[in-house]
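Visitor: I have the file open. Can you walk me through it, with the cut-offs as we go?

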Amino acid sequence: MNIALIAHNGKKDDMVALATEFAPLLRQHTLMATGTTGGRLQADAGLAVERLLSGPLGGDLQIGARLSTGLVDAVIFLRDPMTSQPHEPDINALVRACDVHNVPCATNVATARLLLAEWARG
Ligand SMILES: O=C(CO)COP(=O)(O)O
């Protein structure tokens, strides 16, 4: 599967912890991420990740465009609901694209865990 991983700054530590815990599973898939998230996943979780643009520079839109053409099978997007983002329209566009194309999109750690645990089950 092609999996997109994205985390806002306040959630990046949570993303690294989640990815580290599920690293054996994630290594079996093709991973992409927005720029800064991808850097953390490479450096701190030891994962091979394709890094796209940073979110505020269009990374969410890149992932949304791929997803809309069938190139993304699942999204883990740890959004920070306590911090407003300059690129809120891009974020909404990505989440909307997931709904339009019926692609699983976990926006918090609890849901991400359910998804990952289900994939780990096979
Ligand atoms: O802003 C983001 C998602 O909306 C994440 O971007 P970065 O991974 O570059 O911080």
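Guide: Two strands pair if DSSP finds at least two bridges between them. Helices (H or I, at least four residues) and strands (E, at least two) are DSSP runs, numbered from the N terminus. This is a predicted model, in which local features need pLDDT of at least 70 and side-chain atom pairs count only at pLDDT 80 or more, while totals for chains, interfaces and linings use all residues. Residues are numbered from 1 along each chain as its sequence is written.

Visitor: Fine. What is the order of the strands in the open sheet?

Guide: The open sheet has 5 strands in the order S3-S2-S1-S4-S5, with parallel pairing. S3 and S5 are the edge strands, each pairing on one side only.

Visitor: How many bridges join S4 to S5?

Guide: There are 2 bridges between S4 and S5 (residues 105-106), and the two strands run parallel. Val 75 stands opposite Cys 105 in S5.

Visitor: And how many bridges between S1 and S4?

Guide: Strand S1 (residues 2-7) pairs with S4 over 5 bridges, again in the parallel sense. Ile 3 has Ala 74 as its bridge partner in S4.

Visitor: Which hand is the β-α-β unit of S4, H5 and S5?

Guide: S4, H5 and S5 make a right-handed unit. Right-handed here means that, with the strands pointing away from the viewer, the path from the first strand over the helix to the second runs clockwise.

Visitor: How many residues of S4 are buried?

Guide: 5 of its 5 residues are buried. A residue is buried if 20 or more other C-beta atoms lie within 10 Å of its own, exposed if 12 or fewer, and partly exposed in between, with C-beta atoms placed from the backbone. Both faces of S4 are covered, with Ala 74, Ile 76 and Leu 78 on one side and Val 75 and Phe 77 on the other.

Visitor: Switching to the ligand. Which residues come nearest?

Guide: Of the 13 residues around the ligand, the nearest are Thr 34, Thr 36, Thr 37, Ser 54 and Gly 55. A residue counts as near if its C-beta atom, placed from the backbone, lies within 6 Å of the molecule. Helices H3 (35-45) and H4 (59-68) are the elements that give two or more residues to that shell, and H3 has the largest share, 3 residues.

Visitor: How does the shell divide into nonpolar, polar and charged?

Guide: The shell has 3 nonpolar, 9 polar and 1 charged residues. Ala, Val, Leu, Ile, Met, Phe, Trp, Tyr, Cys and Pro count as nonpolar, Asp, Glu, Lys and Arg as charged, and the others, Gly among them, as polar.

Visitor: Gly 55, then: buried or exposed?

Guide: Gly 55 is buried, because 27 other C-beta atoms lie within 10 Å. Gly 55 sits in the loop between S3 (50-51) and H4. Leaving out residues up to four places away in sequence, Gly 55 touches Ile 6, Thr 34, Asp 60, His 87 and Asp 90. Contact means C-beta atoms, placed from the backbone, within 7 Å.

Visitor: And where is His 87?

Guide: His 87 is in the loop between S4 (74-78) and H5 (88-100). His 87 is partly exposed, because 17 other C-beta atoms lie within 10 Å.

Definitions and conventions
Contact = placed C-beta atoms within 7 Å.
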